Amino acid sequence: MTQPPKSTTETGPKTTIKKAKDSEQSVAGKLLIELGPLLVFFGVNAAYGIFVGTAAFMVATLLALGVAWWLYRKVPIMPIVSAGLVLAFGGLTLYLHDDTFIKIKPTIVYTMFAVLLIGGLFARKHVLALLFGPVFNLTDEGWQKLTIRWAIFFVAMAVLNEFVWRSFSTDTWVSFKAFGFLPITFVFAMSQVPLMQRYGVEENSQ
């Protein structure tokens with residue numbers, strides 16, 4: 001007696017499970033790439049000081065970019081820019097033996113992102129749409145409001161970094177960089193979901 005052909009309902013759950021596992025692996029990989037260098041920076045700084053920690057941070061950043069390329073065969077532009085600044089300011093820190101350079105690196109990065117977003121508004125180009133357009137589809141008003149919010153956020157983060165490194169010890173700044181900046185950014189990003197939902201555009205409505 002011949003067996004009936006397998007139905008699509010049998011392969012459907014397997015496909016769903018596979019996609020879920022792939023998604024989990026993707027999230028885990030991105031977290032490792034994002035958090036790995038910061039955790040290395042924190043741990044090595046605690047054990048050997050800011051200068052050895054800076055060198056380890058630079059190496060870990062390069063390794064993270066390599067892992068990102070190996071996993072996804074591409075690296076977004078912002079991590080590349082951030083890594084370039086880590087190498088530049090980290091190199092100055094080690095060469096001049098002055099930890100001020102690595103401390104102001106986040107200030108430079110956040111300020112640069114804010115200027116880029118604001119400049120895009122004046123040029124009537126939504127930079128966020130270029131970065132996240134394939135993922136999110138918003139109206140022009142939605143992109144404009146989201147851009148303004150992110151620009152303000154980046155300015156605030158630049159000011160916060162300046163306050164922390166100028167007001168507290170190096171170890172406190174490193175701890176805040178490792179465990180403060182990323183959670184704050186995540187919470188802010190999640191707080192923008194209602195705006196994106198309000199100004200979202202269905203693909204079939206265009």
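1. Start with Arg166. At 59% relative accessibility, Arg166 is exposed, because the cut-off for that label is over 50%. Keep in mind that this is a predicted model.

2. Arg166 has a partner. Its side chain meets that of Glu162 in a salt bridge, 2.8 Å from N to O. Both residues sit in helix α6, four residues apart, or about one turn of the helix. Glu162, however, is buried, with a relative accessible area of 18%. In general, side chains of opposite charge can pair when their charged atoms come close.

3. How many salt bridges does a search of the whole structure find? It finds three. Another one joins Lys145 and Glu141, with the closest N and O atoms 3.3 Å apart. These two are also four residues apart in helix α6 (residues 140–167), so about one helical turn separates them. Lys145 is partly exposed at 34% relative accessible area. Glu141 is partly exposed too, at 42%.

4. Next, look at Lys103 and Asp99. Their side chains form a salt bridge of 3.5 Å, N to O. Are these residues buried or exposed? Lys103 is buried, at 7% relative accessibility. Asp99 is buried as well, at 18%. Both labels apply because buried means under 20%.

5. Now turn to helix α3, which spans residues 77–96 and includes Ile80. Ile80 is partly exposed, with a relative accessible area of 41%. Together with Ile77 and Met78, Ile80 forms a nonpolar patch on the surface. The accessible area of the three together is about 250 Å².

6. Val86 also lies in helix α3. At 2% relative accessibility, Val86 is buried. Which residues does Val86 touch, leaving aside its neighbours within four places in sequence? The contacts are Phe57, Met58, Thr61, Gly91, Ile102 and Lys105. Take Thr61 as an example. Val86 and Thr61 are 25 residues apart in sequence, and their C-alpha atoms are 7.8 Å apart in space.

7. Finally, check a helix pair. Two packed helices are described by the angle between their axes and the distance between the axes. Helix α7 (residues 170–179) packs with helix α8 (residues 181–191) at about 35°, and the axes are 4 Å apart. From α7, the contact uses Phe176, Lys177 and Phe179; from α8, it uses Phe181, Pro183 and Ile184. By class, that gives five nonpolar residues, no polar ones and one charged residue.

Key: Residues are numbered from 1 along each chain as its sequence is written. This is a predicted model: local features need pLDDT of at least 70, side-chain atom pairs count only at pLDDT 80 or more; totals for chains, interfaces and linings use all residues. Side-chain values use heavy atoms; hydrogens and water are left out. Patches are made of residues with over 30% relative accessible area and no salt bridge: like charges are joined within 9 Å, nonpolar side chains (Val, Leu, Ile, Met, Phe, Trp, Tyr) within 5 Å. Accessible areas come from the Shrake-Rupley method with a 1.4 Å probe; for residues, only the protein chains shown count as cover. A salt bridge is a side-chain nitrogen of Lys or Arg within 4 Å of a carboxyl oxygen of Asp or Glu. Buried means under 20% relative accessible area, exposed over 50%, partly exposed in between (1.4 Å probe, protein chains only). Axes are lines fitted to C-alpha atoms, for helices over the stretch in contact, and angles run from 0 to 180 degrees between N-to-C directions. Contact means heavy atoms within 4.5 Å. Ala, Val, Leu, Ile, Met, Phe, Trp, Tyr, Cys and Pro count as nonpolar, Asp, Glu, Lys and Arg as charged, and the others, Gly among them, as polar.
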